[in-house]
Amino acid sequence: MEEDRRIAAAPRVPVFRTVNLTKVYHGDGNDVWALRGVDLALEEGETVVLLGPSGSGKSTFLNILGGLDQPSSGQVFFRQQELTALDDNALTRYRRDHIGFIFQFYNLIPSLTARENVALVTEIAANPIAPEDALALVGLEARMDHFPSQLSGGEQQRVAVARSVAKRPDVLLCDEPTGALDSATGIGVLEAIEGVNRELGTTAVIITHNAGIAAMADRVIAFADGRIASISVNKERLPASAISW
Amino acid sequence: MTALNKKLFRDLWHIRGQALAIAVVIAGGIATLVMALSAVESLQETRRAFNEQYRFADIFAHAKRAPEWAAREIGAIPGVLRVESRIVQDIIIDVAEMGEPARGRVVSREAGGQSRLNDIVIRRGRDLRRAHPDEVLVNEAFAEAHGLQLGDVIHGNFNQRRRALKVVGVVLSPEYVYAIGPGDVVPDSRHFGVLWMGREALEAAYDLKGAFNDLTLTLAHSVAPAQVIDQVDRLLAPYGGIGAYGRADQLSDAFVTSEMEQLEHIAVVIPPVFLVIAAFLFNVVIARIIQADREQIGLLKAFGYSNMAVGGLYLKQVLLITALGILIGWLLGAWMGHAVTGIYRDFFRFPFLHFQVNPGALAISACVGIFSAVTGTLSAVRRAVAIAPAVAMTPPAPSAYRASIMEYLGLARFLSQTARMILRYIFRWPLRAILTVTGIAFSVAILVMSLFFFDAANRMMEVHFFETERQDMSLTFVDIRTNAARSNVGALPGVLMVETYRTVPAKMRLGHREERVAISGLDGHMQLSRLVDVNGRVVKPPPEGIILSDKLAQLLAARVGDLVTVSALEGRRLVRQVPVVRIIRQYIGLAAYMDRRALNRLMGEGDIISGAHVLSDSRAEPALYAALKDTPALLGLAVRSAALETFSEMIRQHLHTMIFFYLAFASLIAVGVIYNSARISLSERARELASLRVLGFTRREVGTILAGELAILTLVALPLGCMAGYGLASLMVNLFDTKLYRLPLYVADSTYGYAVLMVITATIGSAWLVLRRVASLDLIAVMKTRE
Ligand SMILES: Nc1ncnc2c1ncn2[C@@H]1O[C@H](COP(=O)(O)OP(=O)(O)OP(=O)(O)O)[C@@H](O)[C@H]1O
Ligand SMILES: [Mg+2]
């Protein structure tokens, strides 16, 4: 069934295309080149894992894809649309309509319950799943009315996953989603990501330091020093449940 | 409710203490505005209705003896609507229950008929009856002060004859809403009464058949009083006219006007102070919340919430707090308005005085409140809107502490670890430290300003009763006398010292400016009634020239060396040029002083006196009073102890109410500012403090860091606040500057002391509230959350 979907989607435009993307931070005295010219295309519905040493520019790249940040030069296309040409309002709409984020630091709103944290996103989404269903998806149906401070780190991250998948985004951008979690909880989170990718055809980009996670990707892209060092294609994707660390 | 709104309300609930503190400060401003504007409106409306319904005159004139046809001539002046001639006479009244004599003003009334102008409201009893010449109506304040019942009898000295008068009615008049006796500082309803009597009885008593000595008139709309006044003066001059004047100089009406002006000043000055502080608190508190919410804001924007939605989140919190403040302010303002109106009912005798909250005032106050709140928060909210969504993706950066002055000066070595942490924190956010200091200083300043009104009133009392008017009583004669009368006064029982004086009603002119004033001619000795400068030194009028009070000099634009034109309004009515030799600061009324001999020369008269100041033996007081009650030549009598009593009573009762409000508000401001500041530094450093606790610092040590910071900021703020308070006091002095009185710029040391003590108490209270939170700091929760 997985095979069928991939074949049917063969002649697509890429969901993301970047052209000679650079990002320079002008610090006091010395400039930091976070990205030094990145050219990349991501296919609709694929799962991509970004690897690379600390400071190699992964987060910067992801933030630009998500419309959170602007590159210093170069272009980014989302399907036909050039993101770099959009103004702030249009970028806001773009994020609202297409993108789901999962952050390393769960980033829940402390004054809202798990359910309300999900509702925060579904309320402004065009075609969301109910917050309750989204939380059930990550196995939190019993903790819906708890505040973040009453949840463990893994539970908080699962709420964050539920929150980002609930709007049925076209793209899921995850920055070290398992960074702060133990192996078992981390796998639960990865399974949730894998689930939306499979069932909704959501494109998923996952940054991680955990090379083991690369096994669940269609492609693994290694960053080094602001550039793409290598791209490898997995012939066989492993299900998330088969990964361990 | 949307999730975003839930967040809004929960966040608001989380800062409810701070929110309430800000709301109360806003309420202070709003309440003052509502109270002042509504009270002005109520007074204005009441006065307008009373004056209109009872035909309060526009112009008033007094003369010695004018024939009735002169009134008809005045009636023919273009612009004059109605004229009424009458007899008005000051007399000595003897009320049996009171030892000392009282002063009275008798006003004629057409018996049985209806007075055309300045009509009266009969509160109790009935009107005068024809052919009952001994019936009188008395003003309500006097009747109440003496517990006079209908049918009671009082005595009066009429033109050297003592008469029994039967009280048949108790009344109010638009002319005596504020019934202040001649020369009095505050109304003394026990010692000054207004009586209405049949015209014929007075005509007979004062030999004024077919004549009058007082006249009032109304003007057609849009007729300027000044021209008519000039013509009335010209027509009455041959008959001893002492100068007509309009409502602006009618004492009772002028006091009501002055009160309304003060309320207007209050409305302009006080609310902005409160609202500026509220705006400042909003700015600090919201900026702090936004700082703490940075990641959440980034997150919301990452999810696709618009700038409007994010900014609105904070603006709505501000507006909700403001709305609460406005609501409290409205209620409080209405309550204060009622309280203030209660005071006015004592002061001003209107037949009705209802406090009504003015809807305009509500609307204006709400607008002003919202405006100040939004202004205070806009920059912080704009910062929130500008936060990049990428912030949500980055880990929290540790607060960037930098080397401060402390390090540059090498001070750090000398300080304990705790002291260093306190100072670094203060220098880390110097702007916030400055704002906190400003806020605390403001509350000190408002306290100083509120208490200053007491100081000023007490100082006024001291100057008037202890430095200037030191005589036990002042006598005014029915007529001017030669100085020989002095020995008659000296012969009265218990009189220890006599000091004579002369007063002359006059018009004083310089250039195109003109003022009516009584010129006092002082004897050289000045042991009793003295002229004293600001430094408490006695000033002797020189043999030539005139001394002006500063307000009179200001109104005439006169400077030392100028020649003013003095037109005497009695005797031979000579017009002379007199050089101004000195200008002297005075707090009550308008005044001009000359040497008595010089004044008599100016009048072209001999050694004349019009009254005497007396020092008496208190043991002989009953005998002296009895003698005075029987002295037909006596026109007026001012007893110092009674005046002093009334004055301090006024301070005690009436000033207290107003000042109570401001003390309460100033304390609330102090608590609001200090509590907010302490809460902010607690939440800002919860993590740091919790870390210290985890590292093994005791609660006490951690508490010291917070309390120490507050203590330092408060200590810096106290002297600044005292200075600002002095500044506000001098602003008040400038605002409360009328012909009737000025405030002395005098702030007692005890006022500073009290203000400082109040603020220190507020600091300790706030510190205590916040330190309780340190005790309950949830170490795990603090370390677990990102912020
Ligand atoms: N706001 C900033 N100002 C200055 N330099 C920055 C800023 N944000 C990132 N950088 C620099 O840009 C470079 C790339 O950062 P980026 O966060 O993309 O790295 P990363 O690959 O995500 O690293 P990690 O695996 O540690 O998260 C780093 O050298 C970083 O120091
Ligand atoms: Mg990163």
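Biologist: Let me start with the ligand: how many residues surround ligand 1, and which are the closest?

Modeller: A residue is near a molecule if one of its heavy atoms lies within 4 Å of it. Here 13 residues surround ligand 1, and the closest are A:Ser54, A:Gly55, A:Ser59, A:Thr60 and A:His209. Before we go on, please note that this is a predicted model, where local features need pLDDT of at least 70 and side-chain atom pairs count only at pLDDT 80 or more, while totals for chains, interfaces and linings use all residues. Residues are numbered from 1 along each chain as its sequence is written, chains are lettered from A and ligands numbered from 1 in the order in which they are written, and side-chain values use heavy atoms, with hydrogens and water left out.

Biologist: Which element supplies the largest share of the shell around ligand 1?

Modeller: Helices (H or I, at least four residues) and strands (E, at least two) are DSSP runs, numbered from the N terminus. In this model α2(A) gives the largest share of the shell, three residues. Both β2 (31–42) and α2 of chain A supply at least two residues each.

Biologist: What lies 2.8 Å from an oxygen atom of ligand 1?

Modeller: At 2.8 Å from a ligand 1 oxygen you find a polar side-chain atom of A:Lys58. A:Ser56 takes part through a backbone N or O atom, 3.2 Å from an oxygen of ligand 1. For A:Glu176, a side-chain N or O atom is 3.5 Å from an oxygen atom of the ligand. Ligand 1 taken alone exposes 630 Å², and the protein buries 61% of that; such areas come from the Shrake-Rupley method with a 1.4 Å probe, and for residues only the protein chains shown count as cover.

Biologist: Now a helix: which residues of α3 in chain A are buried?

Modeller: Buried means under 20% relative accessible area, exposed over 50%, and partly exposed in between (1.4 Å probe, protein chains only). In helix α3 (residues 88–98) of chain A, the buried ones are A:Leu91, A:Thr92, A:Tyr94, A:Arg95 and A:Arg96.

Biologist: What do the buried residues of α3(A) pack against?

Modeller: We look for contacts, meaning heavy atoms within 4.5 Å. The partners in chain A are β1 (16–26), α2 (58–65), β4 (73–78) and β6 (99–102), together with α8 (294–302) of chain B.

Biologist: How many helices and strands does chain B have?

Modeller: Chain B has 21 helices and 20 strands. Of its 787 residues, 56% count as buried. Its C-alpha trace spans about 100 × 55 × 50 Å along the principal axes.

Biologist: How many salt bridges does the structure hold?

Modeller: A salt bridge is a side-chain nitrogen of Lys or Arg within 4 Å of a carboxyl oxygen of Asp or Glu. Over all chains there are 58. One of them joins B:Lys629 and B:Asp94, with the closest N and O atoms 2.7 Å apart. B:Lys629 sits in helix α17 (residues 621–629) of chain B and B:Asp94 in strand β3 (residues 88–94) of chain B, so this pair ties together parts that are 535 residues apart in sequence. Both B:Lys629 and B:Asp94 are buried.

Biologist: Which residues form the nonpolar patch on the surface?

Modeller: Patches are made of residues with over 30% relative accessible area and no salt bridge; like charges are joined within 9 Å, and nonpolar side chains (Val, Leu, Ile, Met, Phe, Trp, Tyr) within 5 Å. In this model B:Ile712, B:Val716, B:Leu720 and B:Met723 form such a nonpolar patch, with about 340 Å² of accessible area together. B:Leu720 belongs to helix α19 (residues 699–735) of chain B, and B:Leu720 counts as partly exposed because its relative accessibility is 38%.

How values were computed
Polar contact = N/O pair within 3.5 Å; in protein donor to acceptor, adjacent residues only side chain to side chain.
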